[in-house]
Amino acid sequence: MEALLRETGQAPDGTAEYRDLEISAERITIGSAPDRNIQLLGKNVAPQHAELRMRNDARFELVCRSGASVRINGEQTSAATLSPGDEVEIGGNHLVLFEPPAGFDAGLQITRDANVDASEFERAFRTDLNQAWLSKRAAAWIFSVLVIVVAFVLPFFLSQSNVPEIAALPFVPDDTLWSSGPLLPAHELAVGTSCNTCHQVPFQRVQDDACLSCHGRIEDHVEQGTLVSSTALGPTARCASCHREHNEPDPHIVIRADAPCTECHQESQRLFADLGIDPVDGFSERTHPSFDAYLYKPFASPAGTGIRFDWRTVVEPVSAATELSNLKFPHDTHLDVAKVMDPNSGEALHCTDCHRLSLDREHFIPVTMQAVCIDCHELTFDPAMPDRQLPHGQPLEVMLTLEGQYLRKFSDPAVDNKEIRPRRIPDRHDNTQVCVNTAFACAAEAAAEDIREQFTVRGCVSCHIVEQHAVPDIYSRYQVHPVRLAADYFPPARFNHASHLVMREETGDAACAECHKAQDSRVSTDLLIPDIGTCVECHSDVRKPGYVPLQCIDCHAYHPDVSRFGTVVEADEP
Amino acid sequence: MIHVGILRHAGSRYLWWGLGTIAVSSVLFATQSGVQPPNGGTWQGYVLGTAGALLIVWLAMLGVRKRRYRSTVGTVQGWTSAHVYLGSALLVVATLHSAAQVGWNVHTLAYVLMCAVIFSGFYGIFTYINYPHLLSSNRAGLSRAELFAELYELDKRGRELGANAPHDVNVATTSSIERTAIGGGLIAQLFGRDRSQFIQSSGETGSAGPAGNRDQQAVIDFIAERIPRTNKISEAELLQELLAVFCRRQAILRRIARDIRLQGWLQVWLFIHIPLSIALLFALVIHIVTTFIYW
């Protein structure tokens, strides 16, 4: 609309004066803001106070912004329809509609409030951030509600109610937002995002039952009954004392530090008084006890015409212990190339020719006659049939085999040589005996002589202890002491042989010899197992130059593999 | 000077408190070893977390203390000094508590909110140090109300002079007074955007329309151009006086605009600092509660 704004005022000489302004606008805006068509100042004038629009019937509609009001012809209102002659008062300013002159749609006479001062003038402008759309209070509300809803209310609701379809939606905040760090990948695979799998009761620490629901087969540190009755310790610690989840950045769930172990074990005399466990406070000769070896020893007792051997585990300090395997085996001879050489290469034997590391990298494949010794120590007995060997480990079968050999010799018409085998009588060259008796008698005589030699002079007795009993029955006369070799000298401990195949500059046999002094061992009773003094040459419980740090759990398992305690020995195979 | 008062209050006593807090926290953090990697779950982590939470609550109490004019628990200046130094120390305490482990979780949310609050506070200290003398030198010893009063008088004088000036000059000067933009919204206040306009009539066609009047330069140019073209000395004198009024107006308006801008930057950080502080309090409670819900 085209409007004529006529402002009235006073000239400096006191006479009334008018100033006309023509505007063309869709609607006339009124307020204290400078961008209004009619800017009015005053205490009660809002920046955007009101608008005047033209109606079809040549009348006008005045609408106030929310909270603002005007006086129309003296009456307070916030909206009104105006006609020429109506007077509008806004905060002391007066607007009067008059009949518009030709060419105008509206005529508006403006008389400003003469009492307006500069402070109201300042108020017409938004000069403070508090007058902008910003509000600390509103922002605080918005941020706080957002935090509460997203970080607590929604996750709590989803954790308490079973609505997987909502939880499956992308970007829905669930209780994984409460996680303090990533799970072990295997656990994440198993439980996914279901926190309640482990956190079963709010405000209660994760209980062992939650762990055992999957890991039920794990052995506890000690048998509960034994521990509680015999120590001052009481129940063992929670799984979570050592296995901390959500514990980035350590990707391993096991606490490797010594402290949880030494906390109890340094006071073992007070805490495990009855169990006789030495105190441990680290890994040095001062803080860690010397090693005790688990040995398997025979205890002999008379039984019938012979001896019975009972094998029992004996734990002895490494420094004082001796092997008692009943095997005769000089390591020094076998490592001396002047005495023993590899039948294929002609070089000295290597440790690994007999001791082959098993897949667990800790233990060795059992050294047995059939697997190892037979490579050099053949049990041939019949020159006519060099492929035949005496059955190892079966004395009766050995005797019957020898008898069979002589029976065939003396009863077979095709065999011309009917000599009883030469007897080694010193200084007699003609020492052959020709069979003059029945074939069976000759065979029995020859076999008895050979059996005696095998068991007491040059065969079995080379490696075994043979007991000779004064009995007429030849089959009961010779008793070979059984052999048992330990498979694990330290069942409660762990040791990785593979990682020790290179030690400092040493490799091969020299690396083995760093710990096992086999080259100086003349008898098999030598225990070639090192004590702690050897370990601490390279290892320390603290990180320091020249040493490889070692923690308790590098050698000891908290959860013992009890199956290993019962199978500490291997029987020599037949 | 308020900033000197805050930072050097009581011989910078709280600076030493803050440094002491950092030192103790660092030693505590360093004792975490072996059993677990450093984090909020060790006993040292719990101690650091408790200290951090208490610090946050106490720091937020400044908002309460400031409003208790009758309180005798220290001076507001002392509280603010301690607020600044202990708030800075909190950054270290909380970082050590978290061991810099972050993730998409409520714990990091609390940490991030805390950082936003602290860094907005750092900006606040920067403005408190730098802006007061900029403000006073800009105002040249006047208050903002005095600047507005002078502008109001200049506007009145401008209108009076304009009324006696030729019609096009009257329209231009009156409209430039009416359409002078001061302050405005957030952007206008912080960046001094000036959308002032005036009605410029073209001499030849007699048509008139709004034109940009940024920094009031266009209307000044308009008046200045009219002076040489006038025939009467009295009119030239009038226009000369009008020009002087509008140049003076320009100078005052520049001071007002700069005052608004500086005041805006002096205050704007509080619109982040305070709302996020409140949100942080809730995030802190949630952080603690959820830690123990899923213990």
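**Exercise 1.** Find the residue that stands opposite A:Met54 in S6(A).

*Solution.* Keep in mind that you're looking at a predicted model. Begin with the two strands: S5 (residues 50-54) and S6 (residues 60-64) of chain A run antiparallel and are joined by five bridges. Now go to A:Met54 and look across to S6(A): the residue facing it is A:Phe60.

**Exercise 2.** Work out which strands stand at the edges of the open sheet in chain A.

*Solution.* Write down the order of the five strands, which is S4-S3-S5-S6-S9, with mixed pairing. Then check the two ends of that order. Strand S4 (38-39) and strand S9 (79-82) of chain A each have a single partner strand, so one side of each has no neighbour in the sheet. Those two are your edge strands.

**Exercise 3.** Describe how H5 and H11 of chain B pack.

*Solution.* You need two things for a pair of packed helices: the angle between their axes and the distance between the axes. Here H5 (residues 106-139) and H11 (residues 270-293) of chain B pack at about 155°, and their axes are 8 Å apart. Angles over 145 degrees count as roughly antiparallel, so that's the label for H5(B) and H11(B). As for handedness, the crossing of H5(B) and H11(B) is left-handed.

Next, look at who meets whom. H5(B) brings residues including B:Leu109, B:Leu113 and B:Gly121, while H11(B) brings, among others, B:His273, B:Leu280 and B:Ile286. Sort the contact residues by type and you get 15 nonpolar, eight polar and no charged.

**Exercise 4.** Is chain B spread out or a compact globule?

*Solution.* Start with the parts: chain B has eleven helices and two strands. Reading from the N terminus, the elements go α-α-α-α-α-α-α-α-β-β-α-α-α. For 295 residues the globule rule gives 19 Å, but the radius of gyration of chain B is 29 Å, well over that, so chain B is more spread out than a compact globule.

Definitions and conventions. Residues numbered from 1 in each chain as written. Chains lettered and ligands numbered in written order. Predicted model: local features only at pLDDT ≥ 70, side-chain atom pairs only at ≥ 80, totals over all residues. Axes fitted to C-alpha atoms, helices over the stretch in contact; angles between N-to-C directions. Helix = DSSP H or I, 4+ residues; strand = E, 2+ residues; numbered from the N terminus. Parallel < 35°, antiparallel > 145°, perpendicular 65-115°, else oblique. Left-handed = near helix turned anticlockwise from the far one by under 90°. Contact = placed C-beta atoms within 7 Å. Nonpolar A, V, L, I, M, F, W, Y, C, P; charged D, E, K, R; others polar. Pairing = 2+ DSSP bridges. Rg over C-alpha atoms; globule rule 2.2 N^0.38 Å.
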